[in-house]
Amino acid sequence: METNKDERVRKVDQDGDDLELEPAKRQKGCDIDDDCVQVETVEENETGVALVSDIQQSEQRELMCILCMEEGSVESPMLSEHQCAQCNKDAWKICACCNETILSRTCPVCRGNYAPILLHVIPGVPLSGLADKTLSAETRALLLYKFGIIRQLIGKSNMAVWNPEQGKMHFSLPREFAEGNSNKMCCLTVTVPMAADRIVNNTFTFNNNVWDEIESEVESGTSGTGEMRESDAAIQWLLSFTRHAGHQILSMMTEADWEQTLDPTKSEDTAAALQTIQSSIAVPRGQVQSVNEVTETSSA
């Protein structure tokens, strides 16, 4: 059956009675006259006029996330615009959670490179400074507090440790929930050769090309890494590289975010946590674990 498509508008008055049928104007909304309160696209064929789509429904679909097809929520609000540099900014929408899953990967629409993940060098005294016996109680407490926050972040977000002596970047990248445990993530842990100039202004750009490097390294097997580990094991693995002198830890938190988080004058919680940690520093050796528990609890 041949179909002769003819876009038209259905004009109705406030009571829903048809007024007339005329060729449609090619724009959204209803601007024919004041009586027109509903606009529809119709298709004309041998059987007469049949409804094809409703513009209002089309507009509603445009507000949905292109991946999950939801309209957003408190936990995952809709972004004002997507982060693909190639696509028209108004072409499609995405929610915060779905947007995070495709950062540094390919655009779901044009298949080009999507926005990268930016990993920032964590400022302040490195974790290896915990071995320095000359640190003041205040500095040691701050370093322990930062250590607790870093432990919390590994296994939940993309993290890396840069080792300048070996010219390698160690990544911990959350990929999926652990089998039988929805509270723990499994992380891809991999070591990739990395030149120092890849960190610019204390920021590393993790884009789709870095994924190619990681996949190549895993497939070659030369680094002996590329394992999936549960979050606890991933934490221990990544922190083991912070013993090296000159190491840098990178996270998705910006330097400004870290300064805000670690400043006791800007947060009563931080001030209270640091005071608690300072009072715990002098505990007997057999109770050192309690200090770690304090840092993890205070940084939650």
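**Salt bridges, cysteines and packing in the predicted model**

Glu 213 is partly exposed, with a relative accessible area of 24%. Here buried means under 20% relative accessible area, exposed means over 50%, and partly exposed lies in between (1.4 Å probe, protein chains only). The model is predicted: local features need pLDDT of at least 70 and side-chain atom pairs count only at pLDDT 80 or more, while totals for chains, interfaces and linings use all residues. Residues are numbered from 1 along each chain as its sequence is written, and side-chain values use heavy atoms, with hydrogens and water left out.

Side chains of opposite charge can pair when their charged atoms come close. A salt bridge was taken as a side-chain nitrogen of Lys or Arg within 4 Å of a carboxyl oxygen of Asp or Glu. The count is 3 salt bridges. Glu 213 pairs with Arg 198, and the closest N and O atoms are 2.8 Å apart. Arg 198 sits in the loop between strand S9 (181-193) and strand S10 (199-200), and Glu 213 in helix H4, so this pair ties together parts that are 15 residues apart in sequence. Helices (H or I, at least four residues) and strands (E, at least two) are DSSP runs, numbered from the N terminus. Arg 198 is partly exposed, at 29% relative accessible area.

A salt bridge also joins the side chains of Arg 105 and Glu 215, at 3.8 Å from N to O. This pair links distant parts of the chain, 110 residues apart: Arg 105 belongs to the loop between helix H2 (96-102) and strand S6 (117-121), and Glu 215 to helix H4 (residues 208-220). Arg 105 is partly exposed at 25% relative accessibility. Glu 215 is partly exposed at 37%. In a further salt bridge, Arg 229 meets Glu 227 at 3.7 Å, N to O. Arg 229 has 21% relative accessibility and counts as partly exposed. Glu 227 is partly exposed, at 39%.

Disulfides were defined as pairs of cysteine sulfur atoms within 2.5 Å. The count is 0. For Cys 107, the closest cysteine sulfur is that of Cys 84, at 3.7 Å, which is too far for a bond. Cys 107 is buried, at 0% relative accessibility. For Cys 186, the closest cysteine sulfur belongs to Cys 187, at 7.3 Å, again too far for a bond. Cys 186 is buried, with a relative accessible area of 13%.

A nonpolar core is a set of buried Ala, Val, Leu, Ile, Met, Phe, Trp, Tyr and Cys residues joined through side-chain atoms within 4.5 Å. The largest such core has 31 residues, and those with the most contacts inside it include Tyr 114, Met 169, Phe 171 and Leu 250. H2, S6, strand S7 (159-163), S8, S9, S11 and H4 each supply at least two of its residues. Another core, of 25 residues, lies apart from it, with Val 161, Ile 249, Leu 262 and Ala 273 among them. Contact means heavy atoms within 4.5 Å. Not counting residues up to four places away in sequence, Met 169 touches residues including Ala 160, Val 161, Trp 162, Phe 204 and Leu 250.

His 170 lies in strand S8 (residues 168-178). His 170 is buried, with a relative accessible area of 2%. Its side chain makes a polar contact with the side chain of Thr 191, at 2.8 Å. A polar contact is a pair of N or O atoms within 3.5 Å; within protein, one must be able to donate a hydrogen and the other to accept it, and residues adjacent in sequence count only if both atoms are side-chain atoms. Leaving aside neighbours within four places in sequence, the contacts of His 170 include Met 159, Asn 163, Trp 237, Leu 238 and Phe 241.

Helix H3 (residues 137-153) has 17 residues, and at 1.5 Å a residue it should span 24 Å; its end C-alpha atoms are 24 Å apart, in agreement. The expected span is 1.5 Å times one less than the number of residues. Of the 17 residues of H3, 12 are buried, so the helix is largely enclosed by the rest of the structure. Arg 140, Lys 146 and Arg 151 are among the buried residues. Gly 155 follows H3, with a positive phi near 95°.

Positive phi also occurs in residues other than glycine, including Ser 104, near 75°. Ser 104 is placed in the loop between H2 and S6 and is buried, at 0% relative accessibility. Asn 201 has a positive phi near 50°. Its place is the loop between S10 and strand S11 (203-206). Asn 201 counts as exposed, at 71% relative accessibility.
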